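Here is a briefing for a first look at this structure. Please view the sequence and the model before reading on.

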Amino acid sequence: MDHSISKHSEVNPEFENVRDVSPEAVKNHIQEVDLIDVRRPDEYDGELGHIANAKLIVLDTLPERFQEIPKDKPVVLICRSGRRSAQASTFLQEQGYDNTYNMQGGMLLWNEKGFPTEK
């Protein structure tokens with residue numbers, strides 16, 4: 001299945017099989033993806049805020065909660081800098097998700113670009 005966000009993805013330099021997408025691609029395709037934020041609740045509500053409609057599933061709870069994530073649309077994983085979300089993307093692929101993306105630079109880069117957040 002071809003999703004337009006996939007055209008904007010590239011291979012993560014540190015995590016084999018993880019596809020990175022830029023904050024711009026996430027912002028431009030926000031209506032067609034599920035956003036999963038894997039940070040801690042204090043980070044989600046903290047200084048960097050979170051992207052509207054991003055669902056909080058802390059990385060440590062992903063093994064118990066991944067079934068909450070639908071498989072019928074692309075999933076973009078988000079964290080502070082892009083490292084935990086890449087780990088989450090790897091985990092989801094191991095569970096049979098074939099349409100996961102890691103947001104490059106995480107919320108640090110999203111904020112640097114001045115994109116909207118909720119706190």
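Phenylalanine 66 is buried, at a relative accessible area of 14%; buried means under 20%, exposed over 50% and partly exposed in between, with a 1.4 Å probe and protein chains only. The model is predicted, so local features need pLDDT of at least 70 and side-chain atom pairs pLDDT 80 or more, while totals for chains, interfaces and linings use all residues. Residues are numbered from 1 along each chain as its sequence is written, and side-chain values use heavy atoms, without hydrogens and water.

**Aromatic rings**

- Three aromatic pairs are counted. Rings of Phe, Tyr and Trp (its six-membered ring) pair if their centres lie within 6.5 Å; planes under 30 degrees apart are stacked, over 60 edge-to-face, and the rest tilted.
- Phenylalanine 66 and phenylalanine 91 pair edge-to-face, 5.6 Å centre to centre with 75° between the planes.
- Phenylalanine 66 lies in the loop between α3 and β5 and phenylalanine 91 in helix α4, so this pair ties together parts 25 residues apart in sequence. Helices (H or I, at least four residues) and strands (E, at least two) are DSSP runs, numbered from the N terminus.
- Phe66, Phe91 and Tyr97 form one aromatic cluster.
- Tryptophan 110 and phenylalanine 115 also pair edge-to-face, at 5.0 Å centre to centre and 75° between the planes.
- Tryptophan 110 is buried at 1% relative accessibility, and phenylalanine 115 is buried at 16%.

**Charges over rings**

- The charged end of lysine 27 sits over the ring of phenylalanine 115, 5.2 Å from its centre. The rule asks for NZ of Lys or CZ of Arg within 6 Å of the ring centre and within 35 degrees of the ring normal.
- The charged end of lysine 71 sits over the ring of tyrosine 97, 5.0 Å from its centre.

**Helix α4**

- Its buried residues are Ser85, Ala86, Ala88, Ser89, Phe91 and Leu92.
- They pack against α3 (62–65), β5 (75–78) and β6 (100–103), where contact means heavy atoms within 4.5 Å.
- Glycine 96 follows α4 and has a positive phi, near 100°.

**Strands around β5**

- Val75 and Leu77 point one way from β5, Val76 and Ile78 the other way, and all are buried.
- β3 (residues 34–37) and β5 pair in the parallel sense over four bridges; pairing takes at least two DSSP bridges.
- Isoleucine 36 has leucine 77 in β5 as its bridge partner.
- β5 and β6 pair in the parallel sense over three bridges.
- Valine 76 stands opposite tyrosine 101 in β6.
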